[in-house]
Amino acid sequence: MREITAVLGPTNTGKTHYAIERMLGHQTGIIGLPLRLLAREVYEKLVELRGQGAVALLTGEERIIPPKARYYVCTVEAMPPGMAADFIAVDEIQLCADPDRGHIFTQRLLHSRGRAETLFMGASSMRARIESLVPEARFLYRERFSELTYSGPKKISRMPPRAAIVAFSVENVYQIAELIRRQKGGAAVVMGALSPRTRNAQVEMYQNGEVDYLVATDAIGMGLNLDITHVAFAGLSKFDGRRMRYLMPNELAQIAGRAGRYMENGTFGVTGEAHDLEPDWVEAIENHRFAPIQKLEWRNPRLDFGSMKALIASLERSPDDRELLRAREADDLRSLKGLATMPDVIDQVRFAPEVRRLWEVCQIPDFRKLSGGEHVALLAKVHQQLSAGQINEDWLAQQVKSIDRVEGGIDQLSKRLAFIRTWTYVAQRKDWLHDVLYWREATREVEDRLSDALHTRLTQRFVDRRTSVLMRRLKQKERLLAQVSENGDVTVEDQFIGKLDGFRFILDPKASDQEAKTLRATALAGLQPVYNLRSDKMYNAPDTEFDFTEQGGLMWGDAAVGKLVAGADALSPQIEVFVDDEAGAEVAEKVRRRLGHWMERKITALFEPLLTIKNDEALEGLARGVGFQLVEALGVIPRSEISKDIKELDQDARATLRKHGVRFGQYTIFQHLMLKPAPTRLRLVLWSLQAGLQEFPEAPPAGLVTVPALPDAPEGYYARAGYRLAGERSIRIDMLERLADMLRSQDSRGGFEANADMLSITGLSLEQFSNLMAGLGYGFERGERPKVKALPEVSEPQPAATDAGEAKEEAPTPEADAAADAPSHAEDKKPADTAVEAGAKAEEEKPEEEKPDEVEVFYTFRWAPKPRGQGARPNRQDNRQDNRNKKPKGKRGKPQAQRQAARPPRKDKPFDPDNPFAALAALKAKD
């Protein structure tokens, strides 16, 4: 008794699972499935249950047949004809009505039978046709495990996770996948044009949660078991190979039914350019009620191989049953008609075996999807090879080698995959090649390489792995922990999300706006433990790890952790920390306290002399006031600002301040230790804070006596930097006081020239020194004079010889000593040599021609205070221009040579000990 059963019902009813259980209950079995991908899935499941040696896999491009195989998993087209088995099953039997493949399924419905049991699985719309064509069949209806409901239109940006977006062209699939990558982190791509290995890899990426979205064609509607909760149609029409047409409700239901697996409910809707579904269509899909299928596609299975014409006629024969519809011209029949017109083929195909072989060639699928003429031309080449008996393996090797390249983009790799699938199919025909096993393996390896490369390109283009991984981890309840490298790179799940600079997270600048949301959420979840650990580490760090910048920034190592802000006074700055709000108030307070302690100790160490002055109770009266002003000025204050107080200081008060290291200079009052580089650097920062500067000026380089003037230096900068502006340069105040000491001994009214000591301590050229002196209030005149040559040294005369006949002895010289030490060759000289030497000596003793005297430039400096009621003293350029055009003259127009020296001050007038001319006047008074 042969039992024939039709298991009908909507998707997600477990029909395929039921068929597998029934097959394993028999000794042998064959199951036909609509897709190679689904066949592979069922094959792997059976291998787990029964072992690899018991299960075979047959598809158009893959054959795995163990010697003792008991169960065959096949695509419907590859089901072995004539093989007897206890159990035979055909899935998705409603495809009998498919215009392209329907005749194959109809053939299986009418003629495939198991010895003990036959099973057909499919939609309820097939019941009437099965009852009519297979009257002995019994029916088993299965209800859907979960509900399927319509959710209406939905934007892709609001698409829920675990959703599949269905489009019906490659271009639309790529566009949607690219959009989802930008907005959601990425999507897997499933299309019928992909190789099974690539589709498997993409499906696996979706199934294991690497991405939450799947963009596919209607290929997902054929039995693929995926974890999908929502199906969205991006279009409602497709090109069926001949024309664009709208999908019917039962076709939409087949795809929408992928949503909601097993007991989980699912939803479906539309998105993009797809319009809202009609209410009656929605009701039909939700309740699985569709019009019965009226006609099944059919093609005559009894073929006449007597001739090509007879074969074509048998293929075009119409069915006798009114429930069957002759299938439209398929690719194999179209190829046969094309080959039948070629003279070479006509000459080679005369007898039935040759016609049968030609028909086998015509059944090579058009994987490349090029024009019909190109496919026919390829089939003609294959047939020509087979006409010689078998395909020439050198020729096949050339075809495969030209394809075996993994570089290029998605389109190039897809084309190569289509080409290699053609040769993979050819290699499955055991009588077409001499070494079939080798070519099966070789073509499979090339296809696998191309498939892997295509999967990689698809992933690179349509998956932002970082965003997808982080989004998946955020959805999990486990706590995230970020990893921070030595240079501050922050990674979560090995994905770079940004940098941690101290206690501030800096988002990856390359992240898009959509990615930024995910990265910020990840950082917020993963960095909290890092903030706590880092604040503890900082609090216990030694002071040597901290520093400040010229702009008032506070550094912990290489990380900016805060900045100084103005406080009540210059020596009491406040701390503003750089800590993210997400780190919490406790972390921020701990960072603030640590920086405050360090800065307090830093100020105490560098400004200890000033703090000593501030806290010295022995300072009283005016001395205390001067000391307080010096502390407020951070150790350096121009004398002109407190000149009145300085004049009123008695000698005891000055002596007390000198004990604290205070120097009373002609130009500046300063604490000498405050001129060191470290206090100067901090003094400029603290002064800039109190002055409210937006950009802090930097300290001059350490060790330089003079530096070029800054064009935009704020008022008060030079004194706080330890310098005084003088012309185009500024000079360090301690060296300026030394220069002033030298100038006191000079005749500043009569005029003097700069000596070597003056140039030495300033490190300037004579011209630069003149500009510096002009900045200090001195006028200068430039002159030229003959350069005085140094006189040669004259040796002292030697005492006369005691004896009249004794020659005078010359003083020894280094040349003479060297000549004395050298061996004498006088006796070897010839008279001619002596004459030559005498001539040379006479030439040397000739008087030299008179040369012009060398000229040297000199400058004469005079004190030139600014006249009362007049503007500023002319600058250096004006002086130089005037001096070049005018002859130097005295006050009353007399030549400078006739000018009288300045009269010294009267003796009864008291001297100011800090007056630069006091010493000069005292010396002249003595004279």
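This is a predicted model: local features need pLDDT of at least 70, side-chain atom pairs count only at pLDDT 80 or more; totals for chains, interfaces and linings use all residues.
The crossing of helices α10 and α12 is right-handed, a term used when the near helix is turned clockwise from the far one by less than a right angle. Residues are numbered from 1 along each chain as its sequence is written, and side-chain values use heavy atoms, with hydrogens and water left out.

Helix α10, residues 331-339, packs against α12 at an angle of about 125°, with the axes 8 Å apart; axes are lines fitted to C-alpha atoms over the stretch in contact, and angles run from 0 to 180 degrees between N-to-C directions. The helices themselves are DSSP runs of H or I, at least four residues, numbered from the N terminus. On the α12 side, the contact (heavy atoms within 4.5 Å) is made by L358, W359 and C362, and on the α10 side by D332, L333, S335, L336 and L339.

Turning to the other partner, the axes of α12, residues 352-362, and α13, residues 372-387, come within 10 Å and cross at roughly 140°, and this crossing is also right-handed. Here α12 contributes R357, L358, V361 and C362, while α13 contributes L379, V382, H383, L386 and S387.

Finally, F505 touches V490, I497, G498, K499, L500, A523, L527, Y531 and D580, leaving aside residues up to four places away in sequence.

Note on methods
Helices (H or I, at least four residues) and strands (E, at least two) are DSSP runs, numbered from the N terminus.
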